[in-house]
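Here are my notes on the model you sent. Please read them with the structure open beside you.

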Amino acid sequence: MDLRYSESDEKFRAELRAWLAEHVPKHGSPPPAHDWPARRAWDAGWQRRLFEAGYAGINWPREYGGRDASPSEQLVYYEEIARAGAPYIGVNFVGILHGGPTLVAEGTPEQKAAHLPRILRGEEIWCQGFSEPGAGSDLAALKTRAVRDGDDYVVNGHKIWCSFAHVADVGELLVRTDPNAPKHKGISWLILPMDAAGIEIRPLPTLAGEGEFSEVFLNDVRIPVANRVGAENDGWRITNVTLRFERGTAFASEMVQLQQFLAMLVRVAQRVTRHEARAWDDAGLRREIGHLAAELDAIWAMVKLSVSKASRTGVPGLEGSALKLYYTELYQRIAELGMRLLGRAALAREDVGGLPSRLVLHKALQSLSLTIAAGSSQIQRNIVAERILGLPKER
Amino acid sequence: MDFRVDEDQEALRAGIRSFCEGRVPLDELGRLSGLDRAFWRDLAEMGVFQLRLPEARGGLGLGMSEAVLVFAELGRRLVPGPLVWSHLAAELIPGAAAGEQVIGGLDRMLPGSEPLLIEHLEQLDALLVLRPDGVHRLDPRKLRARAVATPLDPLTPLHEASELPEGERIAGPEAALRLRLTGGALVAAQLFGIAEATQELATAYAKGREQFGRSIGSFQAVKHLLSDMFVRQELARAAAYAAGATLDHPEVGDPARAVSSARVVAGDAALANSRACIQVHGGMGYTWEMPCHYYLKRTWVLASSFGNGEEHCERLAQQVAAGLGP
């Protein structure tokens, strides 16, 4: 139960901090939200910088070009990235945080060699093709069909909520390879080349007005059998590996950023006045902020416990569900506090009256996705109840 | 950094857990009466009071990380008595560490209009009072106080004192602050223990209780109550452990902030979980015979010790405003 960073951790921190101080300003400001080619180039360019400096794939094994950092170095990394205001992982999200790690855990040597170095260098962007219109929370009900034809699968189906599909090179694709088996036993996990013939991508604007995700239609798309990760019909097990990475400590840097966001809200509260007094003079508001600070401290301690428990590159534990559940709802409460503090300034999605409306509204709107994506909060509660507490399934 | 409970700590926890389970059976809480001196000496034997005393002074020489683990177990099992005060007194009052003296206390660092309610007064050999100018020792037998006929927590008897004499100042203002901080961390640990115990009780009940021909734990409405209890418990665990680890090594963060955060989060978890525990037990949860109400009542007692949730939230807000990190 020791929270002290070692000398070598502190050395790592000092080096990383110095590197970030030099390279974050060099990388410039992000391109406009709607300019996707520029966003891809900017995010991938940052990934390339990380790679060249030896900071890419912080928890990936060294043999695949990762840093293989110890759990404590990983925490230092998340803290420093957030503190420096470094570019967020952006379009590299799927490849770095769960597509790549899934290949590390389950891929063939050929698959690893073909994809892992390219992901780390920012040359290959991944998207996710898991959900379907009829298979959301009940993911295993997916219907996208793959029929074996020689050395290929011929795939037909309809995927939805595919983040970054329009800029991706590769997708994580779940298909049904045995329609006669029970639903969890007929699924396979394929690597989908996004330039294959028969793929149609239709953007689906989010409620934030952003073109982040798309629907993907697959019409007689031929995917080599060699692109299958794991055995045929063993895809559900692989999927759970992917999902655990997705729900694990993927949010670590954002948690540190949220602490900075809360501190910014305090400065807003000290500036805005209500009923001839500063918002900050309201003891109830201060206690609410203090309460949120306590929760942020506690969830960061929970990340430390979780990272300490995970072996270096092992699959994160089920407690990732508990973390995700609490963190995402806390995020929404903090964003909602921001909306209340802005008052009528929250009616504009750009800074008005010298208040940070753009950032607060971005967080308030974007945070609505957090309790839905990667397994809704209701599904996470089922996971905690059934797989951790051992309660019986409803059916 | 390795935040896991290590092997020695795990052994310490297992030892105290089996001691508590043997000595405080949950189905006999109603039969516990008064504080048994032999039990108190056995608690001392287990190291509850002398845990952090240096080995040269006959203690175990352990730290707050270990104390947090031990007090979480005491909270889990509703162990009665002035545990925190006797633990704090180990360094100040001879006989406290060995359990020969039972020490109680009162926190008067931020006195308000509150009545002077003293826990376990009849059992006390000495009463510590924390005041801004230091730690004062009072003789409990000379105190003018009346017994409260119906204390909230059946296992925490109360007296109301009409006045509080000055007493003898045995340590300065820094010691008073330090004891209050340490006491706060140990209270947070007990609150976490309550959050964990009530989750386990409710989960076990939901698995066994059948309605509509099936276990009520299979219904999502109940399941989601229980998973929220688990999440709150884990958050409280992390915060309580962090408070212990930060007090042991202040270079990793601000101990006062870590203790305030732990108090807030563990206090919420204990309160929400002991309430939910009653809810999951249904009508049985509302009966005296089930242990659920003892947990909620103990939570209310603990939540008013060494600063309440509102005070800690205010402190945290001021820290965020001052730009101080965790």
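1. Two strands pair if DSSP finds at least two bridges between them. Helices (H or I, at least four residues) and strands (E, at least two) are DSSP runs, numbered from the N terminus. With that in hand, look at chain B. An open sheet of four strands runs in the order E1-E3-E4-E7 (chain B), and its pairing is mixed. Strand E1 (103-107) and strand E7 (168-171) of chain B stand at the edges with a single partner strand each, so one side of each has no neighbour in the sheet. Neighbouring strands of this sheet are turned by 35 degrees against each other on average, direction ignored.

2. A word on the source. This is a predicted model: local features need pLDDT of at least 70, side-chain atom pairs count only at pLDDT 80 or more, and totals for chains, interfaces and linings use all residues. Residues are numbered from 1 along each chain as its sequence is written, while chains are lettered from A and ligands numbered from 1 in the order in which they are written.

3. Strand E3 (residues 126-131) and strand E4 (residues 134-138) of chain B pair in the antiparallel sense over five bridges. B:Leu127 stands opposite B:Leu138 in E4(B). H5(B) packs on the sheet and touches E1, E3, E4 and E7 of chain B. Two residues are in contact if their C-beta atoms, placed from the backbone, lie within 7 Å. The direction of H5(B) makes about 85 degrees with that of E4(B). Axes are lines fitted to C-alpha atoms, for helices over the stretch in contact, and angles run from 0 to 180 degrees between N-to-C directions.

4. Stay with that helix. Where is B:Ala189 found? The residue belongs to helix H5 (residues 173-208) of chain B. Is B:Ala189 buried or exposed? B:Ala189 counts as buried because 32 C-beta neighbours lie inside 10 Å. (Buried takes 20 or more other C-beta atoms within 10 Å, exposed 12 or fewer, and partly exposed lies in between; C-beta atoms are placed from the backbone.) Beyond its neighbours within four places in sequence, B:Ala189 is in contact with B:Val68, B:Phe71, B:Ala72, B:Gly75 and B:Ala240. B:Ala243 is 54 residues away along the chain, yet the C-alpha atoms of B:Ala189 and B:Ala243 are separated by 9.0 Å.

5. Strand E2 (residues 145-149) and strand E3 (residues 152-163) of chain A pair in the antiparallel sense over five bridges. A:Asp149 has A:Asp152 in E3(A) as its bridge partner. Two residues lie between the strands of this hairpin, and A:Gly150 takes a positive phi near 70 degrees.

6. Next, a contact between the chains. Helix H11 (residues 377-388) of chain A and H6(B) pack at an angle of about 85 degrees, with their axes 8 Å apart. H11(A) and H6(B) are therefore roughly perpendicular to each other. (Under 35 degrees is roughly parallel, over 145 roughly antiparallel, 65 to 115 roughly perpendicular, and the rest oblique.) From H11(A), the contact is made by A:Arg381, A:Asn382, A:Val384, A:Ala385 and A:Ile388. From H6(B), B:Lys223, B:His224, B:Leu226, B:Ser227, B:Phe230 and B:Val231 take part.
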